[in-house]
Amino acid sequence: MKRICIIGISGKLGQYMTEHALKMGYEVQGVCRPESVGKLARFGDRIKIFPGRTNDREVIRKAVEGCDGVLTVLVPWGVDDYASGTAKAVLDFADPGARLVFSCGLHISMDGQDRFSWKVKAALVVARIARITRLVDIEDQYRATDAIFASNRLWTVVRGPDLEEGESQGLPVWSHHAQDDVLASKLVRRTDFALFMVSALTDDTLVHQAPAIVSRVSQSAVAHAA
């Protein structure tokens, strides 16, 4: 795997993924809104940028062409099918055989067997109310992941808990369901979320999986390992 595309490259997670990918020797290109291109100035000519909305199908088509892997940040912004439009464009235009890795929150469930804490449920209620403002549409993230789960592409959907900043603590550990004991701490550093995303590109055990992750040094992960 040589060339990858990061959809949503200018965000915090996207920039961390860029850092990790460059260190691993990947050729990196990505998509971000035109007004956000300046956030990527520190990478200079080490990356190629395709300015545009991440649900713009023509921009996505051009950006993913010839890429061995695509990393996509699914954000529930707006009420115009932003996340689902992004996911469907990546599924439609990525090269055959490309590894497709998507990020989302812990609230997504691939098989309907996840049980969520009251905090997650409360956050979902707030997000649904926020749709009135036309800034957030959490239901669209469900539509996006439903389309991914129904696809026969080589996909992985990485589900993250609460995020914090800080130095890397290493590659996170993962489990299948939100209620699994190893995930109880429900915290991971954003740079390590990004590291897991990039690492998933070459981890065949994660194909057609929706891993929920947690910091490998969290209390629950350490207790589970013991």
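Predicted model: local features only at pLDDT ≥ 70, side-chain atom pairs only at ≥ 80, totals over all residues.
User: What share of the residues is buried, and what does buried mean?

Analyst: Of the 226 residues in the chain, 52% are buried. The cut-offs are under 20% relative accessible area for buried, over 50% for exposed and partly exposed in between, with a 1.4 Å probe and protein chains only. As for the surface, the chain exposes about 10,700 Å², and carbon and sulfur atoms supply 53% of it. Those areas come from the Shrake-Rupley method with a 1.4 Å probe, and for residues only the protein chains shown count as cover.

User: Why is H6 called largely enclosed by the rest of the structure?

Analyst: Because 10 of the 11 residues of H6 are buried. Among them are Phe193, Leu195, Phe196 and Met197. Thr191, also in H6, has a relative accessible area of 9%, so it's buried. Leaving out residues up to four places away in sequence, Thr191 touches Tyr16, His20, Gly166, Glu167 and Ser168, where contact means heavy atoms within 4.5 Å.

User: What makes H1 oblique to H6?

Analyst: The axes of helix H1 (residues 12-23) and H6 cross at roughly 60 degrees and come within 8 Å. That angle makes H1 oblique to H6. Under 35 degrees would be roughly parallel, over 145 roughly antiparallel and 65 to 115 roughly perpendicular, with the rest oblique. The axes are lines fitted to C-alpha atoms, for helices over the stretch in contact, and angles run from 0 to 180 degrees between N-to-C directions.

User: Which hand does the crossing of H1 and H6 have, and which residues make the contact?

Analyst: H1 passes H6 in a right-handed crossing. Right-handed means the near helix is turned clockwise from the far one by less than a right angle, and left-handed means anticlockwise. On the H1 side the contact uses Lys12, Leu13, Tyr16, Met17, His20 and Ala21, and H6 brings Arg190, Thr191, Phe193, Ala194, Leu195, Met197 and Val198. By class, that's nine nonpolar, two polar and two charged residues. Here Ala, Val, Leu, Ile, Met, Phe, Trp, Tyr, Cys and Pro count as nonpolar, Asp, Glu, Lys and Arg as charged, and the others, Gly among them, as polar.

User: Why is H2 called oblique to H3?

Analyst: Helix H2 (residues 57-64) and helix H3 (residues 82-93) pack at about 45 degrees, with axes 9 Å apart. That angle is why H2 is oblique to H3. The crossing of H2 and H3 is right-handed. From H2, Arg57, Ile60, Arg61 and Val64 meet Lys88, Ala89, Val90, Asp92 and Phe93 of H3. Those contact residues divide into five nonpolar, no polar and four charged.

User: How do you know whether Glu58 is buried or partly exposed?

Analyst: Glu58, in helix H2, has a relative accessible area of 37%, so it's partly exposed. C-alpha to C-alpha, Glu58 is 9.3 Å from Phe93, at 35 residues apart in sequence.

User: What about Val188: buried or exposed?

Analyst: Val188 sits in strand E9, and a relative accessible area of 1% makes it buried. Val188 and Asp162 are 26 residues apart in sequence and 6.5 Å apart C-alpha to C-alpha.

User: What makes Lys186 and His208 worth a look?

Analyst: Neither is a glycine, yet Lys186 has a positive phi of about 50 degrees and His208 one of about 60 degrees. Lys186 lies in the loop between strand E8 (173-175) and strand E9 (187-189). His208 lies in the loop between helix H6 (190-200) and strand E10 (212-214). Lys186, at 24% relative accessible area, is partly exposed, and His208, at 34%, counts as partly exposed.

Note on methods
Residues numbered from 1 in each chain as written. Heavy atoms only, no water. Helix = DSSP H or I, 4+ residues; strand = E, 2+ residues; numbered from the N terminus.
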